[in-house]
Amino acid sequence: MVEIIEVKTQKQIKQFIEFPLKLYKNCPYFVIGNGSNILASDNGYKGVVVKLIGDFDRILIRDEKMECGAGVTLAKAYVFAREKCSYDILKKYRRLHQSNL
């Protein structure tokens, strides 16, 4: 049986990782962000899934770079970039991305 735990802050995830023995008798756990690109077996996962929400669903602009938390959807990142980023930053990103192909 899979149990899903949602954590909102770095403090909460640290607490979970430090105390899994008490809470879940040392069962395996798997950390996911938004979870939109996860494939799971039909047999399920015998452990705890830790889903990152809250603070992990933030987007920042730092040093002309857009930083997305693990819980940010691609759609949210796209809308943010389109609305908040300057054309020069987007153009620079496109050049960098194309040079890595």
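This is a predicted model: local features need pLDDT of at least 70, side-chain atom pairs count only at pLDDT 80 or more; totals for chains, interfaces and linings use all residues.
Residues are numbered from 1 along each chain as its sequence is written. Local features need pLDDT of at least 70, side-chain atom pairs count only at pLDDT 80 or more, totals for chains, interfaces and linings use all residues, and side-chain values use heavy atoms, with hydrogens and water left out.

**Fold**

The protein chain has 4 helices and 5 strands. These are DSSP runs numbered from the N terminus: helices are H or I with at least four residues, strands E with at least two. From the N terminus, the order is β-α-α-β-β-β-β-α-α.

The chain has 101 residues, and 22% of them count as buried. Buried means under 20% relative accessible area, exposed over 50%, and partly exposed in between (1.4 Å probe, protein chains only). The accessible surface comes to about 8300 Å² (Shrake-Rupley method, 1.4 Å probe). Carbon and sulfur atoms hold 54% of that surface.

Contacts are heavy atoms within 4.5 Å. Of the contacts with a separation of 6 or more, 41% join residues 24 or more positions apart.

**Salt bridges**

Side chains of opposite charge can pair when their charged atoms come close. The structure holds 3 salt bridges. Each is a side-chain nitrogen of Lys or Arg within 4 Å of a carboxyl oxygen of Asp or Glu.

| Pair | N to O distance |
|---|---|
| R58 and D55 | 3.0 Å |
| D57 and K76 | 3.2 Å |
| R62 and E67 | 3.7 Å |

What does the D57 and K76 pair tie together? D57 lies in the loop between β3 (48-52) and β4 (59-62), while K76 is in helix α3 (residues 74-84), so the pair links parts that are 19 residues apart in sequence. D57 is partly exposed at 28% relative accessibility. K76 is partly exposed at 35%.

In the R58 and D55 pair, R58 is exposed at 51%, and D55 is partly exposed at 34%. R62 is partly exposed at 43%. Its partner E67 is partly exposed at 33%.

**Second largest pocket**

A pocket is an open set of points on a 1 Å grid over the protein atoms alone, where a 1.4 Å probe fits, with protein on both sides within 12 Å along at least five of seven lines. Lining residues have an atom within 4 Å of a point.

The second largest pocket has a volume of about 220 Å³, taken as the space filled by probe spheres set on points joined across faces, edges and corners. Its lining includes V2, I4, F30, Y45 and K51. β2 (29-32) and β3 each supply at least two lining residues. By class, the lining has 9 nonpolar, 2 polar and 1 charged residues. Nonpolar covers Ala, Val, Leu, Ile, Met, Phe, Trp, Tyr, Cys and Pro; charged covers Asp, Glu, Lys and Arg; the others, Gly among them, are polar.
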